[in-house]
Amino acid sequence: MYRRQLETLAPARAPDFPGFGQTPLVSDTVDYRAFVREALPDEPAVLIGTSLGGRIALELALETPERVAALVLVGAGLDGHRWSEEVEASWQAEEEAFERGDLDAAVDVNLRLWLAGPRRTLDELDPDVRGLAAEMQRNAFELQTGHDLRMTPLEPPASTRLRDVAVPTLVVTGDEDVRDMHEIADKLAAQIPGAERATIADTAHLPSLERPDDFDRVVLAFLRKHGV
């Protein structure tokens, strides 16, 4: 997902979470924060995370702030959010397809919501982007098959501590993303001290993949502004 940014934001690392990419699950319960922390350099690092990655980056900045220099939260999740009926229905359809072993259907449901968004169809998207996103999602489903995946929660939860975030923070959404992600982003931008807000046009949940030039421009401008 960050193949392009490994070059444009170099030196950069893009570790795959357990259950994603090339990292298998070794346990049903995963401490994503500990996993990322082990991959960090000794000096404070800029954390760029999308979706679950954004949630984990935020939580890591609260749990071990000395390891984080800045945050770029892209369509980030947040504990305690009350998800819309649209998202809940999509998750249910995806789970039903996954449980019956129809990974193609599960991938299709996932991409229609997160890659296309509520106002576009998959046919409108770049076929290379669509194919890569489908490959990534199917791979994640295959890695997670047979597991009851759970994440180690942060205590106290991040949603109650947003004003404690003490690093420069950029909150990003694609304008075609689902309403939930804009609501979460607006909350993050409003409650994290000094947080900046950016929206990237013509993309939904994966702007770094779908609109890499615009994504890089926004992120690099933020990093230069704060000298990180």
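This is a predicted model: local features need pLDDT of at least 70, side-chain atom pairs count only at pLDDT 80 or more; totals for chains, interfaces and linings use all residues.
**Ground rules.** I counted residues from 1 along each chain as its sequence is written. Local features needed pLDDT of at least 70, side-chain atom pairs counted only at pLDDT 80 or more, totals for chains, interfaces and linings used all residues, and side-chain values used heavy atoms, without hydrogens and water.

**Helix α3.** Nine of the 12 are buried, so α3 is largely enclosed by the rest of the structure. Buried here means under 20% relative accessible area, exposed over 50%, partly exposed in between (1.4 Å probe, protein chains only). I noted G53, G54 and E59 among the buried ones. They pack against α2, β2, β3, β4 and α7, with contact meaning heavy atoms within 4.5 Å.

**Positive phi.** Most residues other than glycine have a negative phi, and most peptide bonds are trans. I found S51 with phi near 60 degrees, in the loop between β2 and α3; it is partly exposed at 26%. D202 also has phi near 60 degrees, sits between β6 and α8 and is partly exposed at 43%.

**Cis bonds.** I found one joining A10 and P11, omega about 0 degrees, with P11 in the loop between α1 and β1. Another joins E155 and P156, omega about -10 degrees; P156 lies in the loop between β4 and β5.

Terms used
Helices (H or I, at least four residues) and strands (E, at least two) are DSSP runs, numbered from the N terminus.
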